[in-house]
6 protein chains.
Amino acid sequence: MTTRADGRTDDELRPITFTRGFTSHPAGSVLVEFGQTRVMCTASVTEGVPPWRRGSGLGWLTAEYAMLPSSTHERSRRESVKGKIGGRTHEISRLVGRSLRACIDLAALGENTIAIDCDVLQADGGTRTAAITGAYVALADAVTWLGAAERLKDPQPLSCMIAAVSVGVVDGRVRLDLPYEEDSRAEVDMNVVATDAGTLVEVQGTGEGATFPRATLDKLLDVAMLGTEQLFAAQREVLAQPYPGELPGSKQ
Amino acid sequence: MTTRADGRTDDELRPITFTRGFTSHPAGSVLVEFGQTRVMCTASVTEGVPPWRRGSGLGWLTAEYAMLPSSTHERSRRESVKGKIGGRTHEISRLVGRSLRACIDLAALGENTIAIDCDVLQADGGTRTAAITGAYVALADAVTWLGAAERLKDPQPLSCMIAAVSVGVVDGRVRLDLPYEEDSRAEVDMNVVATDAGTLVEVQGTGEGATFPRATLDKLLDVAMLGTEQLFAAQREVLAQPYPGELPGSKQ
Amino acid sequence: MTTRADGRTDDELRPITFTRGFTSHPAGSVLVEFGQTRVMCTASVTEGVPPWRRGSGLGWLTAEYAMLPSSTHERSRRESVKGKIGGRTHEISRLVGRSLRACIDLAALGENTIAIDCDVLQADGGTRTAAITGAYVALADAVTWLGAAERLKDPQPLSCMIAAVSVGVVDGRVRLDLPYEEDSRAEVDMNVVATDAGTLVEVQGTGEGATFPRATLDKLLDVAMLGTEQLFAAQREVLAQPYPGELPGSKQ
Amino acid sequence: MTTRADGRTDDELRPITFTRGFTSHPAGSVLVEFGQTRVMCTASVTEGVPPWRRGSGLGWLTAEYAMLPSSTHERSRRESVKGKIGGRTHEISRLVGRSLRACIDLAALGENTIAIDCDVLQADGGTRTAAITGAYVALADAVTWLGAAERLKDPQPLSCMIAAVSVGVVDGRVRLDLPYEEDSRAEVDMNVVATDAGTLVEVQGTGEGATFPRATLDKLLDVAMLGTEQLFAAQREVLAQPYPGELPGSKQ
Amino acid sequence: MTTRADGRTDDELRPITFTRGFTSHPAGSVLVEFGQTRVMCTASVTEGVPPWRRGSGLGWLTAEYAMLPSSTHERSRRESVKGKIGGRTHEISRLVGRSLRACIDLAALGENTIAIDCDVLQADGGTRTAAITGAYVALADAVTWLGAAERLKDPQPLSCMIAAVSVGVVDGRVRLDLPYEEDSRAEVDMNVVATDAGTLVEVQGTGEGATFPRATLDKLLDVAMLGTEQLFAAQREVLAQPYPGELPGSKQ
Amino acid sequence: MTTRADGRTDDELRPITFTRGFTSHPAGSVLVEFGQTRVMCTASVTEGVPPWRRGSGLGWLTAEYAMLPSSTHERSRRESVKGKIGGRTHEISRLVGRSLRACIDLAALGENTIAIDCDVLQADGGTRTAAITGAYVALADAVTWLGAAERLKDPQPLSCMIAAVSVGVVDGRVRLDLPYEEDSRAEVDMNVVATDAGTLVEVQGTGEGATFPRATLDKLLDVAMLGTEQLFAAQREVLAQPYPGELPGSKQ
């Protein structure tokens with residue numbers, strides 16, 4: 001039987017860890033690791049919303065994704081130095097924002113903004129899916145913080161959990177959670193964002209210099225949803241621990 | 001039975017037209033119309049390839065998508081004036097490029113670059129899928145032109161046809177080829193890029209402020225692939241006509 | 001006698017056409033053709049004026065000119081991708097705006113802004129003069145639309161018609177309406193913007209690597225004004241047709 | 001009889017001075033004053049030409065115009081801080097370059113580039129015409145310097161002199177060399193660039209919120225050419241003095 | 001005994017001159033010369049303060065430093081054309097602002113902003129220290145102007161004088177006020193900003209490809225403070241003259 | 001006796017830790033912590049040098065410093081999104097590069113470039129001094145890596161160690177290694193970069209809205225150099241451990 005370079009079976013995730021309270025200024029701060037991929041995901045709360053939303057009574061959630069220059073195998077150029085954001089960065093920032101907005105009731109937030117930042121410290125494939133999965137945990141912490149600060153209009157603005165995973169066809173086999181070594185030579189590459197209610201938020205599948213039959217799409221989805229099930233379990237477990245810092249209003 | 005505002009049935013495309021030779025400087029130039037959506041798609045040939053590809057013997061295909069400021073219902077700001085390209089523009093440009101690279105053998109091109117430009121003259125939903133579908137026709141014309149100019153290494157670099165269509169859930173119903181009026185209130189929105197061999201190139205489905213079960217995904221794909229079948233027929237029909245201009249090497 | 005490559009006499013315009021209602025979202029939308037030069041000119045109306053003009057009771061008219069990358073003989077780089085607007089683009093945008101502001105009473109507009117967009121679909125010389133001439137027709141339509149919408153303070157804000165034409169010295173002869181083939185080797189190049197009252201709005205004459213006596217300037221102006229006379233006739237004729245769409249307040 | 005605020009007659013220039021050798025690093029450096037308008041004009045020589053011109057044996061001349069933030073009546077924002085060059089700056093830079101290229105034989109320069117910089121120290125109307133007039137003197141010095149350095153292919157690359165002046169209609173009268181106070185309320189504004197052979201290089205006339213009959217254009221040109229005659233005399237006089245520094249190859 | 005190329009002793013300043021009223025639009029305008037280094041320093045007054053300071057009752061002082069392209073030995077590229085400000089420019093602009101804010105009571109200014117512009121006309125080492133020293137004189141004039149206009153809350157907002165000088169180790173010797181020829185090969189380079197009360201505002205010392213013992217630092221400071229003493233004397237002398245223009249409220 | 005909020009004495013450093021091998025792609029990767037300030041410092045090696053240095057046989061070292069948006073107490077805007085780098089970022093990037101170039105023999109590097117990246121994960125004062133101190137350790141690891149890869153011309157290109165620390169006057173007392181709470185209200189603020197040979201590389205002292213006597217400068221330096229002594233000890237200790245990864249050429 002073909003094994004993967006890192007010894008995993010085809011439908012096995014890499015080791016997943018979440019470190020809550022990774023930094024202390026933002027209301028939510030999580031270091032998520034999918035194997036060697038490490039992303040610092042933070043959720044910062046600010047009062048007020050963008051101008052086009054003012055007076056609506058609704059909150060807002062925005063997201064930015066970026067890779068540190070030294071996070072990639074070969075150092076990449078810093079986007080602030082180039083003076084422009086690349087298409088890939090833009091695309092993933094939008095995906096993270098859309099994915100997390102699917103689980104939050106913005107009316108319950110009141111006119112507050114939650115800014116999600118996903119900064120990749122080390123990249124080894126699947127950075128966007130790790131970012132979404134980790135950002136959900138940071139978001140949950142920020143919501144807890146807002147609740148403690150009595151700034152929520154509704155005590156439970158989160159309607160479901162969100163996690164994401166990559167799947168792909170490598171060496172002719174459908175595989176889960178691709179590291180860079182597999183991702184860079186995958187024939188088909190798909191990212192799936194799902195909810196713990198078993199529904200889908202976003203599905204993006206691409207043939208990389210190839211095309212794929214619909215049967216492959218089905219198989220990819222099967223494996224992806226097995227993966228997200230395990231991610232939800234991991235998120236639930238880590239969120240069962242208390243908030244990793246001091247909450248507003250708590251005694252000192 | 002619920003009918004759509006424009007009288008179509010749920011799985012019916014809008015009227016599709018292709019005008020080849022819409023402008024005369026580029027090797028391929030096509031005005032594609034999906035109902036009121038009109039996109040000018042051109043394929044310009046230049047000698048040489050980007051620096052990182054020089055000496056490889058391989059060609060390259062790149063694509064840019066943009067909306068004219070006056071193409072939208074409310075005039076939008078010109079990106080050149082803003083000095084930056086928005087995330088959506090970036091994302092679609094990358095999608096168009098990836099989609100068309102799936103059908104072309106870049107080795108057969110030799111060290112030539114084909115630059116695809118998709119400029120939206122009028123937007124009424126589905127601009128990215130119209131762009132891909134029209135750009136395929138422009139690309140086919142550019143390949144014909146390159147062949148006549150004896151600049152191809154292999155006489156037939158195109159391995160299949162490419163078309164794209166949008167599908168979505170509107171008013172709880174799965175519908176094909178959404179105009180703006182439906183797109184702006186769709187619960188689920190999906191773009192499918194397919195080949196005439198029945199395989200998939202790209203699938204992007206998004207819940208818009210909602211999530212969707214996998215059964216919906218399946219239904220959306222069923223309808224989308226009915227749509228692309230009709231688009232391939234339309235492309236075939238228009239490409240059966242001769243090249244709409246003078247080819248290199250033809251008598252004058 | 002020397003004839004021009006396209007068979008015209010020295011003081012003959014290329015075939016001129018205006019297609020009103022070329023697109024349907026803007027209040028005015030005109031495709032203007034000066035021979036092979038084709039420019040899409042639109043006039044979009046928005047409520048309000050720029051901050052520095054608010055509360056003045058006066059309207060504003062602004063203009064942007066741009067060339068599509070594929071409009072030129074060799075594809076040119078997209079300015080939004082470069083992240084800056086070139087000097088030529090800037091210069092022509094300013095010229096179009098100044099020219100059209102000469103015919104409109106901004107007080108009569110009330111605090112509305114008309115944004116003129118001139119996007120060159122195909123360039124074959126004279127794009128700036130075609131743009132001004134076509135934009136006048138789009139502007140006239142936008143004014144009709146504003147009148148129907150009862151948003152004008154004065155029913156007739158247009159005080160005259162505006163048209164523009166290029167003239168130049170080519171092969172030692174003064175010629176009207178230069179196509180690219182002549183323009184690129186002209187010794188003197190001049191653009192004249194005039195009103196149907198026979199007055200001038202803007203005169204820009206340049207020796208291209210040469211200088212010219214004042215007698216030449218006089219001759220160039222003579223020919224240019226013959227040209228604008230014909231352009232006014234063409235504008236009048238096309239504007240004699242009814243507004244090419246549905247006006248606000250009309251029965252449905 | 002109406003007199004102008006500064007006591008001049010309608011066809012009188014402001015006091016004109018040229019200070020050659022104003023700074024010492026560039027090959028040509030001239031402070032030009034048209035009354036209160038003061039522009040530092042320099043001509044810097046560098047070996048080589050831009051990439052698109054290499055190997056042609058031809059030289060190049062380029063020009064940049066800019067206003068210091070504190071040069072205007074109200075301080076204006078610095079363009080380097082804004083991160084973009086405004087349309088007006090672009091337009092004038094191009095005009096200065098075109099005007100000076102009309103008098104120089106680029107083949108005689110060999111593959112050297114002359115960079116003209118016109119930096120406005122104090123603005124009081126007519127900055128672009130002062131810039132061109134002063135830059136000609138700086139250019140003449142740079143040519144002398146190149147000759148002394150034995151870097152010219154032909155000893156006399158300048159075929160004529162270049163000067164520029166503004167004219168306009170103010171208070172219904174045709175006036176020469178408008179200061180800011182007149183320029184800001186002129187009905188017609190024209191800039192004329194001419195040669196000492198009596199020919200024209202560039203004519204730019206604009207109705208400012210008004211239009212003008214051709215007879216006015218003629219009168220404006222008459223007055224402008226009287227003005228440039230006097231400017232040529234002033235240039236000749238100042239250039240009759242020796243080069244204001246040390247020339248290459250001179251004894252030390 | 002080793003002498004310097006320009007004949008000065010090690011602890012001697014270059015000839016220092018201040019020309020007040022160098023231009024006439026800004027409230028303060030000074031041309032400062034440290035030998036061949038020439039900087040135009042202006043202080044422009046505008047009503048109001050930046051948004052983040054509004055309503056505080058406090059004024060603001062901001063500063064921008066820039067080099068004209070032709071000011072350097074070899075022409076340098078214009079930062080507005082590059083579209084970004086270099087690190088060195090940024091750094092010096094911040095230094096000038098910080099230095100001058102040390103001597104002014106912003107509460108006494110009321111809600112007015114003073115914008116300092118230091119534009120280098122000719123660079124020969126020590127441009128930043130000349131800029132600070134000259135800008136102090138321009139600031140003093142602007143304060144006089146504000147006082148005459150009765151816009152100060154407190155008649156004397158300046159608490160001390162500010163001057164700056166460079167020192168360095170060249171050829172193993174501690175030297176004052178380095179020209180370019182020494183600066184470009186200095187082993188240690190230091191800029192000292194001081195007050196006439198003998199205190200320090202800013203000390204920046206750098207080993208250039210070398211490091212230096214603390215004893216050297218002490219010696220550098222000794223020499224620098226001898227230099228600033230002389231600069232204060234020169235500033236005092238020039239400021240003893242009356243305001244070089246017309247003050248608001250003065251009879252006409 | 002006055003104690004500091006965090007219980008330290010005036011001349012006591014915060015707890016200092018270095019985590020070598022923090023990430024695995026760069027040749028050197030160190031997480032440095034000065035109390036709550038945490039900076040990820042990496043040293044990435046690339047073949048070749050910038051164009052202006054090619055063929056010189058010399059290597060190059062460049063540095064970039066940046067703060068993650070969520071690293072500050074209040075989230076700050078991402079510089080890549082703003083499209084420009086702020087003055088402070090520029091200034092510190094230059095300081096880090098200059099400081100590290102003081103200890104390395106670029107000739108010994110051969111034509112290789114070392115890119116230092118200092119990304120602040122959490123900011124609590126002293127980020128620039130922590131960055132320099134941590135970057136030295138990353139640089140030492142990169143040099144070890146280059147040696148193992150047999151890419152050094154000289155086996156020991158590092159001539160000394162480099163560390164940096166902040167000092168300031170807070171509450172009228174000279175204090176070492178200021179956290180944000182002290183830094184934000186310091187009367188004088190100084191950063192000192194030193195070598196383990198007891199010499200200075202860079203001294204930057206600033207009065208913050210105040211000025212300071214020379215005696216204070218002396219005291220600040222005394223305390224700073226006590227601080228750097230301890231930092232050198234800590235660096236030595238951590239570098240006594242073996243290289244935290246696999247070196248090129250080592251057995252697998």
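**Entry 1. Chain pairs**

I then looked up chain A and chain D, which do not touch either; their nearest C-alpha atoms are 11 Å apart.

I note that this is a predicted model, in which local features need pLDDT of at least 70 and side-chain atom pairs count only at pLDDT 80 or more, while totals for chains, interfaces and linings use all residues. Residues are numbered from 1 along each chain as its sequence is written, chains are lettered from A and ligands numbered from 1 in the order in which they are written, and side-chain values use heavy atoms, with hydrogens and water left out.

Buried means under 20% relative accessible area, exposed over 50%, and partly exposed in between, with a 1.4 Å probe and protein chains only. The largest core holds 144 residues, and the members that touch the most others are Ile116(C), Leu139(C), Ile162(C), Ile116(D), Leu139(D) and Ile162(D). A second, separate core has 143 residues, including Ala63(E), Leu106(E), Leu158(E) and Met161(F).

Leaving aside residues up to four places away in sequence, Leu139(C) touches Ala43(C), Leu61(C), Leu100(C), Cys103(C), Ile104(C), Ile114(C), Ile116(C) and Leu158(C).

**Entry 2. H2 and H4 of chain B**

Helices (H or I, at least four residues) and strands (E, at least two) are DSSP runs numbered from the N terminus. Axes are lines fitted to C-alpha atoms, for helices over the stretch in contact, and angles run from 0 to 180 degrees between N-to-C directions. In chain B, the axes of helix H2 (residues 87–101) and helix H4 (residues 127–148) come within 10 Å and cross at roughly 40°. H2(B) is therefore oblique to H4(B); angles under 35 degrees count as roughly parallel, over 145 as roughly antiparallel, 65 to 115 as roughly perpendicular and the rest as oblique.

The crossing of H2(B) with H4(B) is right-handed. A crossing is left-handed if the near helix is turned anticlockwise from the far one by less than a right angle, and right-handed if clockwise. H2(B) contributes Arg88(B), Glu91(B), Ile92(B), Leu95(B), Val96(B), Ser99(B) and Leu100(B) to the contact, and H4(B) contributes Thr127(B), Arg128(B), Ile132(B), Ala135(B), Tyr136(B) and Leu139(B). By class, I read eight nonpolar, two polar and three charged residues in this contact. Ala, Val, Leu, Ile, Met, Phe, Trp, Tyr, Cys and Pro count as nonpolar, Asp, Glu, Lys and Arg as charged, and the others, Gly among them, as polar.

I next examined helix H2 (residues 87–101) of chain A against H2(B): their axes come within 8 Å and cross at roughly 110°. H2(A) is therefore roughly perpendicular to H2(B), and the crossing is left-handed. The contact involves Gly87(A), Arg88(A), His90(A), Glu91(A), Arg94(A) and Arg98(A) of H2(A), with Gly87(B), Arg88(B), His90(B), Glu91(B), Arg94(B) and Arg98(B) of H2(B). I read no nonpolar, four polar and eight charged residues there.

The axes of helix H6 (residues 214–239) of chain A and helix H6 (residues 214–239) of chain B come within 12 Å and cross at roughly 165°. H6(A) and H6(B) are therefore roughly antiparallel to each other, in a right-handed crossing. Among the residues in contact are Leu217(A) and Met225(A) of H6(A) and Leu217(B) and Met225(B) of H6(B). The contact has six nonpolar, no polar and six charged residues.

**Entry 3. Positive phi in chain D**

Most residues other than glycine have a negative phi. I looked up Glu150(D), whose phi is near 55°, a positive value. Glu150(D) sits in the loop between helix H4 (127–148) and strand E6 (162–170) of chain D. Is Glu150(D) buried or exposed? Glu150(D) counts as exposed, at 71% relative accessibility.

Asp177(D) also has a phi near 55°. Asp177(D) lies in the loop between strand E7 (173–176) and helix H5 (180–183) of chain D, and counts as buried at 0% relative accessibility.

Definitions and conventions:
Core = buried A, V, L, I, M, F, W, Y, C linked by side-chain atoms within 4.5 Å. Contact = heavy atoms within 4.5 Å.
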